[in-house]
Amino acid sequence: MRNTLEGVRMGRIEVLYRLRVAAGEAQALARAVAIELTVEVPEGLLERYPAIEKDIVARLESLEEIAPGLHEVRLSIDPTLAAGGLPQLLNALSGNVSMLPSVELVDASIPDSILSQFPGPRFGIEGIRSRLGVPGRPIISTALKPRGAPIEDLVAIAEGFAAGGGEVLKDDHNLNEARFEDYRERVLRVRDAVRRGSEISGGRCLYFALLLGPLPELERRLQFLASEGIEGVLVAPMLLGLEGTRALLAGTDRIVWTHPSFTGAIAHPSGGGISPSFLHGVLFRAIGADAVVFANHGGRFPAAREECLALAAQCRRSRGSWRPSFPVPAGGMRFDRIDSLVGDFGADTIFLIGGDLLISEDGVEAGTRAFKDRVRSRFE
């Protein structure tokens, strides 16, 4: 199934949608999408304004049935309709159409005049590799959890992971303290534990602290993380809002990881809404994601292998001046799946194994060392 576009047609935004509808209804639904996206008026009203029909209503470029009851429609949109930042771009691509359960936004070719509004990832794949000194193979990662564990246990996990040669430690998306003082204490103790562990391993381990809460508080926490040398931040853009996240991160020089919490509300494998590949691989990169965590197939969540591969390809895909981002398949990945992860995603990937590492019989440090050795051995 095709799910990408070749390029931008004559400076316009070209958008790919999937329609789940009977063959005899596809043409009418495609027309309804074109109108709903751009002018949202009855057909009869357009007859009074031929210039609006010609210049503003989205144009139908192609319509093809790719499977029984499944169609791909390509519409092109005047880029001026998407000018004015990320909210207007999203409104122009999905907007009211997001409320039609039979229509899924799959991809869009966006002119540089629009893409240039968003700088994209600050570091991306090469920037993270440079920080770690790890070329040519996947990077290994884990999540610090669970919430409610004694802080001493979390500190021990952090030190053990770094001592075993772990390369990226991120907070779990639930590991959030309401009081700044509690947050500060835990983050600094974890940072120090990572540094101690890195001295033992002789390597480098980056720590990404969770950034979640009211925006005024988040600005304070972001400044704190920068002042204390925390290398990166973990954000959940669908909890904070895409534009709110973009604005928060606009001035930071921290590495940015995005988390998929709440993305299932608009991007679900059953279709409709926005495809996971476009949400994670395009919109999250627009707000600055250097690495994108997503629920991979074969884990705790329903995800199709084809969609996961498309998502990873979107993360690495060239778009204007944006740097490629690391895809991070997660959501219940296990040690016995390392070979399949390598086969599916290749070298430019961060492998995130959380719970399976934390319950390792040999302990976190030895488990991390084994994790790293298994990944490295496949790229020697």
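## Helix packing, cores and loops in a predicted model

Phe262 is exposed, because its relative accessible area is 52%, where exposed means over 50%, buried means under 20%, and partly exposed covers what lies in between (1.4 Å probe, protein chains only). Phe262 lies in the loop between strand E9 (255-258) and strand E10 (273-274), and its phi is positive, about 75°, although Phe262 is not a glycine. The structure is a predicted model, in which local features need pLDDT of at least 70 and side-chain atom pairs count only at pLDDT 80 or more, while totals for chains, interfaces and linings use all residues. Residues are numbered from 1 along each chain as its sequence is written, and side-chain values use heavy atoms, with hydrogens and water left out.

Two packed helices are described by the angle between their axes and the distance between the axes. Helices (H or I, at least four residues) and strands (E, at least two) are DSSP runs, numbered from the N terminus. Axes are lines fitted to C-alpha atoms, for helices over the stretch in contact, and angles run from 0 to 180 degrees between N-to-C directions.

| Helix pair | Angle | Axis distance |
|---|---|---|
| H7 (residues 151-163) and H8 | about 30° | 7 Å |
| H8 (residues 180-201) and H9 (residues 215-227) | about 25° | 12 Å |

The second pair in the table has H8 roughly parallel to H9 as a result of that angle, since angles under 35 degrees count as roughly parallel, over 145 as roughly antiparallel, 65 to 115 as roughly perpendicular and the rest as oblique. H8 passes H9 in a right-handed crossing. In this packing, Phe180, Tyr183, Arg184, Val187 and Leu188 of H8 meet Glu217, Arg220, Arg221, Phe224 and Leu225 of H9, contact meaning heavy atoms within 4.5 Å. The residues of this contact between H8 and H9 comprise 6 nonpolar, no polar and 4 charged, where Ala, Val, Leu, Ile, Met, Phe, Trp, Tyr, Cys and Pro count as nonpolar, Asp, Glu, Lys and Arg as charged, and the others, Gly among them, as polar.

H7 and H8 are therefore also roughly parallel to each other, and H7 passes H8 in a right-handed crossing. The contact of H7 with H8 has 10 nonpolar, 3 polar and 6 charged residues.

The largest nonpolar core has 95 residues, and those with the most contacts inside it are Tyr17, Leu89, Leu169, Leu211 and Leu225; such a core is a set of buried Ala, Val, Leu, Ile, Met, Phe, Trp, Tyr and Cys residues joined through side-chain atoms within 4.5 Å. Apart from this core lies another, of 21 residues, among them Leu206, Phe208, Leu210 and Ile255.

Helix H12 (residues 276-286) is mostly covered, with 11 of its 11 residues buried. After H12 comes Gly288, whose phi is positive, near 110°.

Some loop residues are buried as well. Ala82, placed in the loop between strand E3 (70-77) and helix H4 (86-93), counts as buried at 0% relative accessibility. Leaving aside neighbours within four places in sequence, Ala82 is in contact with Ile13, Gln88, Leu89, Ala92, Ile114 and Gln117. Asn296, in the loop between strand E11 (291-295) and helix H13 (305-316), also counts as buried at 0% relative accessibility.

Another loop, between strand E5 (139-144) and H7, holds Pro146, and a cis peptide bond with omega of about 0° joins Lys145 and Pro146.

Note on methods: Left-handed = near helix turned anticlockwise from the far one by under 90°.
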